Amino acid sequence: MSGPTTSLTPPADARRPVRHPDAPAPGELLGSHYDRCFGCGGEQPHGLHLETRAGEGVGVTAVFTVKEAHQGAPGLAHGGVLATALDETLGGLSWLLRTIAVTGRLETDYVRPVPVGTELHLAAEVTAVHGRKIYGTATGRIGGPDGPVAVRAAALFVEVKVDHFIENGRDEEIRSAMSDPDQIKVARAFEVNP
Ligand SMILES: CCCCCCCCCC(=O)SCCNC(=O)CCNC(=O)[C@H](O)C(C)(C)COP(=O)(O)OP(=O)(O)OC[C@H]1O[C@@H](n2cnc3c(N)ncnc32)[C@H](O)[C@@H]1OP(=O)(O)O
């Protein structure tokens, strides 16, 4: 069979994830990796404005407030928006490994409806690493970190170099990002072997 292995179960010889020694301290706000990001960008008016913090171990937490613009059914969050919130939270794990990685696969379970106005408390952790593959899980709870689980995800991220974005992104945004010293700083922070 050709094509990628799509299993979200880490292989038997996967290694335990290790928090990078220079990872942000537990509780520290990670900040946005790109200010126009739909998930976390402060300059993205249509975005989710997710704020993610480093957690203990190789974990992060985030809070997403479901707004009127995030509806699918009347008064309820759209499933795709919730998947985005999970994806973005899982993306924040890059800061703890100090590895740039993109989503290869994301599986989402929708456990209960999420009304507009809800504060969704998200938590994600890396569960295993195998070569360039980073396995993670995430949950979203209603109203607080111990609230009822509304959504769950399992994901496989694949490590990439900064070139992944330079080679594939639209020229206009790449040029703008490359001329922004803050953006260069973010990219450098992840480049363990520049
Ligand atoms: C600065 C931080 C930036 C963080 C951004 C966070 C934003 C939130 C997260 C996102 O939404 S990222 C955007 C959505 N994702 C993408 O746009 C990724 C699009 N896909 C790709 O670019 C490529 O398919 C990918 C980089 C994922 C893989 O291509 P490669 O050619 O680099 O990988 P390769 O085919 O060599 O596979 C490497 C390993 O990963 C496995 N793999 C690759 N794609 C997979 C997949 N889709 N599902 C499962 N496994 C996959 C593959 O089987 C293989 O496993 P083995 O090492 O065991 O052989």
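Strand 4 and strand 5 form a hairpin with 2 residues between them, and in its turn G131 has a positive phi of about 60 degrees. Strands and helices here are DSSP runs numbered from the N terminus, a strand being E over at least two residues and a helix H or I over at least four. The structure is a predicted model, in which local features need pLDDT of at least 70, side-chain atom pairs count only at pLDDT 80 or more, and totals for chains, interfaces and linings use all residues. Residues are numbered from 1 along each chain as its sequence is written.

V126 has its place in strand 4 and stands opposite G136 in strand 5. V126 is buried, because 26 other C-beta atoms lie within 10 Å. By definition, a residue is buried if 20 or more other C-beta atoms lie within 10 Å of its own, exposed if 12 or fewer, and partly exposed in between, with C-beta atoms placed from the backbone. V126 touches P17, V58, L93, L97, I134, Y135 and G136, not counting residues up to four places away in sequence. Such a contact requires that the C-beta atoms of two residues, placed from the backbone, lie within 7 Å.

Strand 5 (residues 133–142) and strand 6 (residues 149–159) pair in the antiparallel sense over 9 bridges. Within this pairing, the bridge partner of G140 in strand 6 is V151, and that of T139 is R152. The hairpin of strand 5 and strand 6 has 6 residues between the strands, and G143 takes a positive phi near 85 degrees there. Strand 5 is mostly covered, with 7 of its 10 residues buried.

Where do these strands belong in the whole sheet? The open sheet has 6 strands in the order 1-2-4-5-6-3, with antiparallel pairing. Strand 1 and strand 3 (101–110) each have a single partner strand and stand at the edges, so one side of each is left without a neighbour in the sheet. Neighbouring strands are turned by 20 degrees against each other on average, direction ignored. Angles of this kind run from 0 to 180 degrees between N-to-C directions, and axes are lines fitted to C-alpha atoms, for helices over the stretch in contact.

The bridge partner of A54 in strand 2 is V60. These strands also form a hairpin, with 4 residues between them, and G57 in the turn has a positive phi of about 60 degrees. In a regular strand the side chains alternate between the two faces of the sheet. Strand 1 (residues 51–54) has T52 and A54 on a covered face, and E51 and R53 on an uncovered one.

Helix 1 (residues 79–91) packs on the sheet, touching strand 1, strand 2, strand 3, strand 4 (119–130), strand 5 and strand 6, and its direction makes about 125 degrees with that of strand 5. Its 13 residues should span 18 Å at 1.5 Å a residue, and its end C-alpha atoms are 18 Å apart, which agrees. The expected span is 1.5 Å times one less than the number of residues. The buried residues of helix 1 include V81, L82, A85, L86 and L90. L90 touches A124, G136, A138, A153, A155 and F157, not counting residues up to four places away in sequence.

In soluble globular proteins, nonpolar side chains tend to be buried together. The largest nonpolar core has 37 residues, and those with the most contacts inside it are F64, A85, L86, L90, L93 and L122. A nonpolar core is a set of buried Ala, Val, Leu, Ile, Met, Phe, Trp, Tyr and Cys residues joined through C-beta atoms within 7 Å. Strand 6 gives the most to this core, with 6 residues.

Two further residues deserve attention for their backbone. Most residues other than glycine have a negative phi. H49, in the segment before strand 1, has a positive phi near 55 degrees. R98, in the loop between helix 2 and strand 3, has a positive phi near 50 degrees. R98 is partly exposed, because 16 other C-beta atoms lie within 10 Å.

Methods: Pairing = 2+ DSSP bridges.
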